[in-house]
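Dear colleague,

I am handing over the structure below, and after it you will find my notes on what turned up when I went through it. Please keep it open while you read.

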Amino acid sequence: MADTGRRGRQIRKHLAAERAAAKRAAERAAGRHTAPDTGRRGEVRTAKFGLSYAARYVEHYLLSPDTNAVENAIRPFVLGRKGWLFCGSPRGAHAGAGIYSLIETAKGNGHEPYRYLCYVFDRLPGAKTPEDIDALLPYNLSPAAGTTPTG
């Protein structure tokens with residue numbers, strides 16, 4: 001499934017690059033044929049400046065022009081927020097947000113949330129340094145090896 005997403009990003013990147021190249025060519029043509037006294041040269045210059053940022057966005061392999069993945073990731077949070085109105089206190093709400101963030105990060109790194117939390121809660125009392133705690137974060141553990149450290 002990850003391969004399908006990667007292929008989709010490659011296709012979107014290719015199409016966006018083609019569109020950007022066509023837009024660049026049109027801007028170059030417009031800049032050459034615009035009379036200097038019309039004031040359009042500044043607009044074309046601004047468009048060229050903005051195009052460099054757009055090109056960086058298109059070329060970055062992690063960025064996607066759609067937000068479907070983000071919307072799907074936050075949907076459970078949005079659906080559950082009415083139940084979280086009564087956390088008891090701001091500290092309770094902060095703790096709940098921290099746990100929820102940890103669970104979503106674990107899911108995003110390929111862990112099964114219950115198994116990951118069991119692993120972390122078993123080892124957390126033995127963590128004595130900040131480095132020990134960092135080693136328990138989802139992106140420092142391998143989901144394929146049964147939630148074991150990757151380092």
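This is a predicted model: local features need pLDDT of at least 70, side-chain atom pairs count only at pLDDT 80 or more; totals for chains, interfaces and linings use all residues.

Side chains of opposite charge can pair when their charged atoms come close. Because K107 and E104 lie 3 residues apart in helix 4, about one helical turn separates them.

**Where helix 4 meets helix 5**

K107 also takes part in the contact between helix 4 and helix 5, to which helix 4 brings L102, I103 and A106 as well, while helix 5 contributes P113, Y116 and L117. As for the geometry, the axes of helix 4 (residues 90-108) and helix 5 (residues 113-123) come within 9 Å and cross at roughly 115°, and the crossing is right-handed.

Which residues make the nonpolar surface patch? The patch is made by V70, I74, F77 and V78, and its area is about 310 Å². One of these residues, V70, is found in helix 3, which covers residues 68-80.

Key
Residues are numbered from 1 along each chain as its sequence is written. Side-chain values use heavy atoms; hydrogens and water are left out. Axes are lines fitted to C-alpha atoms, for helices over the stretch in contact, and angles run from 0 to 180 degrees between N-to-C directions. Helices (H or I, at least four residues) and strands (E, at least two) are DSSP runs, numbered from the N terminus. A crossing is left-handed if the near helix is turned anticlockwise from the far one by less than a right angle, and right-handed if clockwise. Contact means heavy atoms within 4.5 Å. Patches are made of residues with over 30% relative accessible area and no salt bridge: like charges are joined within 9 Å, nonpolar side chains (Val, Leu, Ile, Met, Phe, Trp, Tyr) within 5 Å. Accessible areas come from the Shrake-Rupley method with a 1.4 Å probe; for residues, only the protein chains shown count as cover. A salt bridge is a side-chain nitrogen of Lys or Arg within 4 Å of a carboxyl oxygen of Asp or Glu.
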